[in-house]
Structure formats: structure tokens, C-alpha cells
Amino acid sequence: MAPDRHPAPAPRVRYGPRPWLAIFVIGLLLWLLTVAVTFSTRNANLVPTLVLLGSFLVPVTFVAWAFDRVGPDGVLTPQRLMAAFLVGGTLGVLGASVLESSLLRPSPWMWLGVGLIEEGVKIAALWLMAARLRPHRPRDGMVLGAAVGFGFAALESSGYALTALLTVKGLSLTDLVQTEILRGLLAPFGHGLWTAIAGGVLFAASARSGRLRLTGSLVAAWLGLSVLHALWDAMHSLAAALALLFTGTDWQWHLLETGYVPRPTSAQVGFITGLQWGGWVVVTLVALGWLRALARRTRPLDAAHPEPAAPWQGWGER
């Protein structure tokens, strides 16, 4: 009998039914414990632990969740995703900082400039991290893109948390914790989601040729994601403008005419908050719909490249 040319994949060892859930629960308990100890002791040496746990918990959890959804296959490994998360995320943050400080000036178009730069550097970092991957399956591109995007988000959240900590009255642990909670709630719907879309588009364009290519679809995705990014960042300003347009009083319009920005009333503050969160929901739904449509459209390309046998054991099955 002729030997089987397609041996069965090696069995996978399971470390619990949902590794990402264990990461989240343990990490959350450690963060809460760190919050309690830091507030009770006022030990400034615990601030880095508090910042890092709070900033990295949700991004790392969602990278593990995305990896668990596609399963281990010998192309995407935990080591490769960790490199994409740390190296790709760091390169993205550094590149965005250099370009934004050099190219952007205060203007009504500044938010679009931020979106173009940050989405562009994340795609460039993703391209670098995917340079030696074969084959280019779109679903792998989505997971690798999510790793780069969540790495960017984790490092960015660390910066926001430290900025919130430093106030004119000294260190504010309350502001730090509030910032980390808000950033953690929003983390799944920003950079990780957007770069996952870019990764799927990049790998779909390269699946047939076997090499990464700059295509019209990738450029279009970059522009579309930049618009979503700009809308997300500018949502508070847009909400404030709409609140003033619909509920502005005579004295507020008079202050605007004289060159001053009026303070919103208590009712307007609630209206602005509702508009801002509503806008974020709309942007998120558009991005999720885009990712879902991309996954459906590229499913035949994934099927054309069956999973190789895993050369390592670990993580969980779907």
C-alpha cells in the first residue's frame, strides 16, 4: 500500500477550554489587587505595575481570543504573535510619533492626518512582520493585524494613563484608574479591529501570488480605515459642535462671535456624552460589518491553503 502523502495533523494539547478567558480573569484579578494595594499604601513604585497591567490586559486577551478562533497551524504561533504585538506595536507608535510631530499642525483636517499616519505606519509594521510568512491566508492576516493593532493600542494606553496620572496637584491615582478603565472598554473596537481589517486585505491580495503586494484594494482599505480612525478621534469635538448647533443659547453664540469657546451647560454635557458614545457605536458597527464581510469574501482563499501539521503543541482548540 502506498504511503499516505497527507499525514494527519499532530494532536493538539488543550490547556483549558478558553485560554483567553483564563488570561483575562487572572489578569483582571491581579490588576484589581494592584489597585487596592496602591491606593492603600500610596507606594509610587507600584504605578508601573498598575499602568502595564491595565494597559495590556484587554489587548493581550483579544489577541489570545483571535488566535484561539483560528487555531494553531504552524504559520501563526504564539511566538510570532508576541513579536507582532511588541515589535509591530512599538514600531507603529514610534513611527506615528515622528510623523505626526513633523507633519501635522492644528487645523480642521488634523484628525484625518492622524488617521492616515497611524493606519499607514501600522500597515507598514504589519507588512514587516508578515514578510516571511507562507502561505498568506486572509484569516491569518486578520489575526496578525490584530496583534500589531492591539500592541499599538496597549502602548498608547500606557501613555494616556501616565499622562492622566500627572496633574497640577500632583499624582492622581483616581484619574489613572479611570483612564485605564475607559481605554480598556474601548480597546477592542479601535486599533486592533482596524488593523485586523488591513491584515485581511493585505493577505487576500497576496494569497494567489504568494508574495506581499501593494494593491488598489490595500490603498482603499488604508483610506477607509483612516476615515474611521479620524471620526473616532474627532467624535468628542463633533458631538460638542452638534450639541451647540441644536441646543446653543444666545450667550454661547455671542461668545463664539467674540472668539471665545463657551462652556457647555450641564444638560449639554449629557447630550455631548450621548452623541459621542453613539458615534463610537456607529463607527464600531461599520468596522465590524467590514471585517465580517471580508471574512466571508475571503473564505475560499483560506480553504485553498489547508492547515499544515502543527510542529508544536499548545494553546486551545476552537
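Reader: What is the mean pLDDT of the protein, and what share of its residues reach 70 or more?
Author: The mean pLDDT (the predictor's confidence in each residue, from 0 to 100) is 82, and 84% of the residues reach 70 or more. This is a predicted model, in which local features need pLDDT of at least 70 and side-chain atom pairs count only at pLDDT 80 or more, while totals for chains, interfaces and linings use all residues. Residues are numbered from 1 along each chain as its sequence is written, and side-chain values use heavy atoms, leaving out hydrogens and water.

Reader: Where is confidence lowest, and where is it highest?
Author: Confidence is lowest in helix 10 (residues 250-257), with a mean of 65, and highest in helix 8, at 94. Helices here are DSSP runs of H or I with at least four residues, numbered from the N terminus.

Reader: And what is the pLDDT over residues 308-318?
Author: It stays under 50 there. Where pLDDT is low, the predicted coordinates should not be read in detail.

Reader: Changing topic, where is Leu212 found?
Author: Leu212 is in the loop between helix 7 (191-206) and helix 8 (216-233).

Reader: Is Leu212 buried or exposed, and why?
Author: Leu212 counts as buried because its relative accessibility is 12%. Buried means under 20% relative accessible area, exposed over 50%, and partly exposed in between, with a 1.4 Å probe and protein chains only.

Reader: Which residues is Leu212 in contact with, leaving aside neighbours within four places in sequence?
Author: Among them are Trp127, Ala131 and His136; contact means heavy atoms within 4.5 Å. Leu212 and Ala131 are 81 residues apart in sequence, yet their C-alpha atoms are 7.2 Å apart in space.

Notes: Helices (H or I, at least four residues) and strands (E, at least two) are DSSP runs, numbered from the N terminus.
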